[in-house]
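This report covers the ligand site and the pockets of one protein model.

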Amino acid sequence: MELIGFNKPYFTGKETDYIRQAVESSKISGDGMFTKKCHQFFEQQYGFKKVLLTTSCTDALEMAALLLNIQRGDEVIVPSYTFVSTVNAFVLRGAKIVFADSNADEPNIDVAKIESLITSKTKTIVPVHYAGVACHMDVILEIARKHNLFVVEDAAQAIDSFYKGKPLGSLGQLAAFSFHETKNIISGEGGMLTINEEQYVQRAEIIREKGTNRSQFFRGEVDKYGWVDIGSSFLPSDIIAAFLYAQLENITAIQKKRKAIWQNYYEQLKPLEQQGNISLPVIPDYATNNAHMFYIVCSSLSERTKLVDYLKSKKINAVFHYLSLHKSPYYTNLHDGRDLPNADRFTDSLLRLPMYFELTETQVSYITETIHAFFKA
Ligand SMILES: Cc1ncc(COP(=O)(O)O)c(C=O)c1O
């Protein structure tokens, strides 16, 4: 039997056609025909005020930190259980990261802990919608309003997911998405910034175009373009956008299939949760599930290690996820020393099972039966 990998990029079949079209249009730099199609798709489908494709979610987060004028000494509240890019974007601007703990029952930021972390230097809260499941945004937005803070959603995993009916990525001033090949909708590497307040739109275009007003020039709004602000090169080639557009056209089918896989996992593993062997993902009633990921939470690091090894021996590749950033080699001495036990628990105990479009029902059954066998033994 072949190894069941953790991820397998899905190709709809149209990607190479669209890439050929992009190449034949003789415009393969940024903001070509397919970038415009992708922008339109997102603005129409989800009602985002303005979106800009970027070369990664990391870049979209870096754009957000530039747009909000994050300065040396500013404080940014971020969950410790997240990917390094969530914080690195702000650290690059000289910000101090104030790490928050996760909820006890799911990895998203514990909103009850946020207010005690706010000081006169706090500028921004960055909720991360882990596994595409919404953070409790009403509470976060109310805290932000009360203390005059920005909210940047890290929606890397959150495409096509909702909070009380509102699309994730539409709730903060800004939000960042990823189209890395491990996500639901992919372009190899790729990302997007959503801009939900008009006041940031023009400067976002400038920052994305090396600090120039080239976007306005291409629209004929100015007769020459030049250097007007700081910026970098954050826009992807239209070849990337061509690939992405083929995926977006199939988003309904992709999501339907992923949700069916997720549901199968959930139902087949439910008895193990009832017996107290593992915990399953919690989807709060304000959130939807976009089936980005299927994870289980083991009772300890040693049990997870044994399970990973057992699954590997049965040709199943299951992988853990983030390592708490407050304990990372880079930040441990800069962290204020608070314990963040829930983040540490997910670091040690969360295990992601194979999840991709082409995973078959038979494979899911094989994986869940193997997990059942592990706990029986
Ligand atoms: C929460 C989170 N933020 C940001 C990123 C960075 O995304 P990208 O690889 O597109 O830069 C990731 C990557 O998986 C992520 O999980």
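## Ligand contacts

A polar side-chain atom of threonine 58 is 2.5 Å from an oxygen atom of the ligand. For tyrosine 322, a polar side-chain atom lies 2.7 Å from an oxygen atom of the ligand. The backbone takes part at cysteine 57, where a polar atom is 2.9 Å from a ligand oxygen. A polar contact here is a pair of N or O atoms within 3.5 Å. On its own the ligand has 390 Å² of accessible area, and the protein covers 92% of that (Shrake-Rupley method, 1.4 Å probe).

The structure is a predicted model, in which local features need pLDDT of at least 70, side-chain atom pairs count only at pLDDT 80 or more, and totals for chains, interfaces and linings use all residues. Residues are numbered from 1 along each chain as its sequence is written, and side-chain values use heavy atoms, with hydrogens and water left out.

## Shell around the ligand

The ligand is surrounded by 15 residues, with Thr58, Asp154, Ser178, Lys183 and Tyr322 the closest; a residue counts as near if one of its heavy atoms lies within 4 Å. Five of the shell residues are nonpolar, eight polar and two charged. In this scheme Ala, Val, Leu, Ile, Met, Phe, Trp, Tyr, Cys and Pro are nonpolar, Asp, Glu, Lys and Arg are charged, and the others, Gly among them, are polar.

Helix H3 (57–67) and helix H4 (84–91) each give at least two residues to this shell. Helices (H or I, at least four residues) and strands (E, at least two) are DSSP runs, numbered from the N terminus.

## Largest pocket

The ligand takes up the space of the largest pocket (more than half of its atoms lie within 2 Å of the grid points). A pocket is an open set of points on a 1 Å grid over the protein atoms alone, where a 1.4 Å probe fits, with protein on both sides within 12 Å along at least five of seven lines; lining residues have an atom within 4 Å of a point.

The largest pocket holds about 580 Å³ of space, a volume being the space filled by probe spheres set on points joined across faces, edges and corners. Its lining has 33 residues, with Phe83, Gln157, Lys183, His321 and Tyr322 nearest the centre.

Conventions
A polar contact is a pair of N or O atoms within 3.5 Å; within protein, one must be able to donate a hydrogen and the other to accept it, and residues adjacent in sequence count only if both atoms are side-chain atoms.
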